[in-house]
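User: Hi! Could you walk me through this structure? I'm new to this.
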Amino acid sequence: MDEFCNYVRHQHDIIQRFGRYPARNQVLGRESTAEEVAWLKSGESRFDFRKLIDDWTWKVHQLK
């Protein structure tokens, strides 16, 4: 559950900072700001979904 909360916080922080998800700009035909481009290039935008799933799967098996 901690990993899910971290994911939600990460998403909240993105919206709080930019008012939108910058990674979706190209698909939606939006211009990216210089700050969004720098943030996307920095790698800070990435969230480790594989780790989130692996941690969750391990915890579910521990409950059995």
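Predicted model: local features only at pLDDT ≥ 70, side-chain atom pairs only at ≥ 80, totals over all residues.
User: How do the axes of helix H1 and helix H3 cross, and how close do they come?
Analyst: The axes of H1 (residues 2-18) and H3 (residues 34-42) come within 11 Å and cross at roughly 155°. That makes H1 roughly antiparallel to H3. Angles under 35 degrees count as roughly parallel, over 145 as roughly antiparallel, 65 to 115 as roughly perpendicular and the rest as oblique. Axes are lines fitted to C-alpha atoms, for helices over the stretch in contact, with angles from 0 to 180 degrees between N-to-C directions. Helices are DSSP runs (H or I, at least four residues), and strands are runs of E (at least two), numbered from the N terminus.
User: Which residues in H1 and H3 meet?
Analyst: From H1, Ile-14, Arg-17 and Phe-18 meet Glu-35, Glu-36 and Trp-39 of H3, where contact means heavy atoms within 4.5 Å. The residues of this contact divide into three nonpolar, no polar and three charged. Ala, Val, Leu, Ile, Met, Phe, Trp, Tyr, Cys and Pro count as nonpolar, Asp, Glu, Lys and Arg as charged, and the others, Gly among them, as polar.
User: How many salt bridges are there?
Analyst: The count comes to two. A salt bridge is a side-chain nitrogen of Lys or Arg within 4 Å of a carboxyl oxygen of Asp or Glu. Arg-17 pairs with Glu-35, with the closest N and O atoms 3.3 Å apart. Arg-17 lies in helix H1 and Glu-35 in helix H3, so this pair ties together parts that are 18 residues apart in sequence.
User: What about Arg-20?
Analyst: Arg-20 forms a salt bridge with Glu-36, and their closest N and O atoms are 2.8 Å apart. Arg-20 sits in the loop between H1 and helix H2 (25-28) and Glu-36 in helix H3, so they tie together parts 16 residues apart in sequence.
User: Is Glu-36 buried or exposed?
Analyst: Glu-36 is buried, at 2% relative accessible area. Buried means under 20%, exposed over 50%, and partly exposed in between (1.4 Å probe, protein chains only). Glu-35, at 44%, counts as partly exposed.
User: New topic: how many helices and strands does the protein have?
Analyst: The protein has four helices and zero strands.

Note on methods: Residues numbered from 1 in each chain as written. Heavy atoms only, no water.
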